[in-house]
Amino acid sequence: VGHVEEADLAAADPMYGRLKKFAERAAEIVGPGKGPERGKLIHAEVQKLIKAEFSEKERKNIRVEYTAGEEKENEPHYGQKGKPRVDIYHDIGNDEVRIYELKTGSAREKEARIHRLFNDTFFGKVKRATVTEIWVP
């Protein structure tokens, strides 16, 4: 858990840069507003952009609004109440995943939730996971 400058992150993880641009576009589409409702609308727009602009091959390794291990007919779904859900789950292979959490306004990812994702949700399922916050105003 720690801070990395955005330019360094984009250079190290090109997917972050793509998803950040989608989040910014989604925020423009949704327009101004406050609170969790705006955040939900932005999440929905990002999902639409991923479906529209990623190739089928790219989408195969990406899950949006994903609860680990919870899939029906190869499609992720919200899963059980109380289980942590991640905004974007990217399986990059070799037992490594990248998790991207979309945050808007004053919302921020909490350290305790990051630890819960590692310890409860993905423990034993992957060898390495990185959680990255994608923030848009």
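Which residue in β4 is the bridge partner of Ile-62? In this predicted model, the partner is His-90. The pair belongs to a set of 4 bridges that connect β1 with β4, a strand spanning residues 86-93, and these two strands run antiparallel.

The sheet around this pair is open and consists of 4 strands, arranged in the order β1-β4-β5-β6 with mixed pairing. Because β1 (62-66) and β6 (128-136) each have a single partner strand, they stand at the edges, and one side of each is left without a neighbour in the sheet. On average, neighbouring strands are turned by 25° against each other, direction ignored.

Two helices are placed against this sheet. Helix α2, formed by residues 14-30, lies across β1, β4, β5 (96-104) and β6, and runs at about 30° to β6. Helix α3, formed by residues 35-53, also packs on the sheet and touches β1, β4, β5 and β6. The direction of α3 makes about 135° with that of β5.

The helices also meet one another. Two packed helices are described by the angle between their axes and by the distance between those axes. For α2 and α3, the angle is about 125° and the axes are 8 Å apart; the two helices are therefore oblique to each other. Their crossing is right-handed. On the α2 side, the contact includes Leu-19, Phe-22, Ala-23 and Ile-29, while α3 contributes residues including Leu-41, Ile-42, Val-46 and Leu-49. Charged residues take part as well, among them Arg-18 of α2 and Glu-45 of α3. The residues of this contact divide into 12 nonpolar, 5 charged and no polar.

Definitions and conventions
Residues numbered from 1 in each chain as written. Predicted model: local features only at pLDDT ≥ 70, side-chain atom pairs only at ≥ 80, totals over all residues. Heavy atoms only, no water. Pairing = 2+ DSSP bridges. Axes fitted to C-alpha atoms, helices over the stretch in contact; angles between N-to-C directions. Contact = heavy atoms within 4.5 Å. Parallel < 35°, antiparallel > 145°, perpendicular 65-115°, else oblique. Left-handed = near helix turned anticlockwise from the far one by under 90°.
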